[in-house]
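Biologist: Could you walk me through a few local features of this model? I'll ask as I go.
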Amino acid sequence: MMKRKSLTLAFVSVLALACGAAFAGYPVTSYLPPDVLAGLAGLAAVGALPTAAMSGELDVKGITEALTKQGTAWEEFKKTNDERIAKLAKGEAVEDLESKLAKMNLDLSEAGAAIKEIALKAGRPQLSGDTQERNEKELKSFNAVARAAAIEAGKSFAPLSAEGYAQYKAAVGSFIRVGDRNMSADEVKAINVGTATQGGFLVGFEMEAGIERVVHRYSAMRQLARVIPIGSASYKKLVKTSGTSGGTRGGETATPAAGNSPGWSEIEFKPGTYLSDQRITMESLEDSVQDVEGDLMEEIGIEFAEMEGADFIAGDGVNGPRGFQSYTMIANANYAWGKVGFTVSGAAADFATTNPSDKLIDLQHSLKRQYRGNAAWAMNDATLAAIRKFKDGQGNYLWGMTAPSNLMSGAVGTLLGHPVVTDDFMPDLGANTFPVAFGDFKRAYYVIDRKGMSILRDPFTAVPYVKFVARRRVGGGIANFEALKVLKCST
């Protein structure tokens with residue numbers, strides 16, 4: 001076992017580079033020589049490296065196959081698109097090639113998603129010495145959430161010990177299966193420390209983390225934006241909208257000149273409430289083999305992800321996040337604080353037919369330089385498919401030229417030197433839509449999490465099903481309007 005783990009960790013740096021190549025859309029052979037690929041595949045084949053991911057290990061065989069698949073797909077995509085361009089120049093029909101390119105685009109996206117999923121499953125290697133520290137952080141996090149719930153309810157709270165938290169987690173499992181009426185007195189006592197103010201019980205750290213993992217698979221905005229957990233009713237912050245700090249240069253005895261007085265604005269985000277209604281048959285709950293908690297985590301996570309994914313883009317801010325596309329959009333030449341500046345695509349419902357990449361450069365440079373260093377592109381997969389065909393003046397494809405630096409950021413490649421993140425809640429190309437966003441999202445957009453997810457068990461109102469109503473409080477909105485720009489389909 002130790003030999004397998006040592007060999008796996010020895011190849012992590014090579015595989016990280018390979019993952020970067022895949023996320024960039026490169027064929028893996030651009031980064032790894034054939035002998036290295038063959039070596040990886042050979043080691044996996046003879047069992048020297050794991051062929052299925054263990055805890056904290058990468059699935060070498062799976063990631064090698066996925067890398068090769070994406071590299072092959074990208075080479076075929078470029079070859080077919082070059083053929084399409086040549087036929088267009090001759091005035092010949094290209095419908096069959098357009099259809100073929102659409103299928104190849106899907107293959108590219110699926111290969112990239114497969115690589116990300118393998119990396120997510122592997123996670124970060126856990127060393128034995130980390131276990132105690134991880135458990136202590138988990139207990140501290142739960143006590144903080146439980147204390148906030150107690151304060152909100154006007155109750156006293158005594159922090160749980162490690163033993164008490166273990167009893168609580170075991171009691172939550174019994175609560176899901178049989179309900180509090182059929183639990184022992186000790187189990188009821190243990191679970192009462194996590195009673196939520198709105199009814200039900202706070203989910204444990206592991207279950208909440210499981211739901212979060214599902215949410216992150218669907219929501220690109222959670223990967224891009226700054227996520228702020230809070231324990232109060234709202235989040236407030238003062239932001240500077242104009243002026244300077246007042247600092248000036250001067251000698252030892254010089255009288256400082258007055259600087260421009262900065263303008264300040266207070267922003268406030270109030271989390272709204274999401275509810276997820278899941279139903280499980282009584283027979284399933286009685287079946288000790290079925291992973292009921294796993295099913296709940298998956299289904300609840302998907303519902304929350306779909307709700308917040310749409311809201312982070314276009315939500316109206318009523319009892320939930322306000323999406324960045326719901327703010328007033330204004331031509332960037334007339335930009336003012338409180339509005340989002342845009343540049344145009346050059347066509348009424350698409351990109352310009354001539355030099356379409358120029359419009360992306362216009363968007364890129366509409367963002368101030370101090371925000372460009374950490375900026376990223378956001379668009380849906382259909383828009384990315386169109387951009388994948390763009391070339392520069394030397395005939396080089398603009399997309400996928402360099403690997404992104406953060407393998408877990410959700411980036412699928414780069415465009416004009418910045419990572420591209422796909423989010424299928426972004427609008428399609430169309431008249432007066434805003435299909436592409438570019439900015440430093442961590443400074444531009446805040447996601448506000450009111451910590452403490454709860455589940456209410458209801459065995460009465462949906463017989464023969466038992467209802468589990470999960471409650472989550474999420475808010476969000478633009479915190480810095482300068483740090484985000486969008487592209488509008490318009491002339």
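Biologist: Which strand holds K467?
Modeller: K467 lies in strand β13, residues 465-478, where strands are DSSP runs of E of at least two residues and helices are runs of H or I of at least four, numbered from the N terminus. This is a predicted model, in which local features need pLDDT of at least 70, side-chain atom pairs count only at pLDDT 80 or more, and totals for chains, interfaces and linings use all residues. Residues are numbered from 1 along each chain as its sequence is written, and side-chain values use heavy atoms, with hydrogens and water left out.

Biologist: And is K467 buried or exposed?
Modeller: K467 counts as buried because its relative accessibility is 15%, buried being under 20% relative accessible area, exposed over 50% and partly exposed in between, with a 1.4 Å probe and protein chains only.

Biologist: What does K467 touch?
Modeller: Leaving out residues up to four places away in sequence, K467 touches D277, Q278, R279, L456, R457, D458, T461 and A462, contact meaning heavy atoms within 4.5 Å.

Biologist: Switching to α9, which of its residues are buried?
Modeller: The buried residues of α9 are M207, E208, G210, I211, E212, V214 and V215, and what covers them includes α7, α10, α12, β12 and β13.

Biologist: How do the axes of α9 and α12 cross?
Modeller: The axes of α9 (residues 205-218) and α12 (residues 292-314) come within 8 Å and cross at roughly 45°, the axes being lines fitted to C-alpha atoms over the stretch in contact, with angles from 0 to 180 degrees between N-to-C directions.
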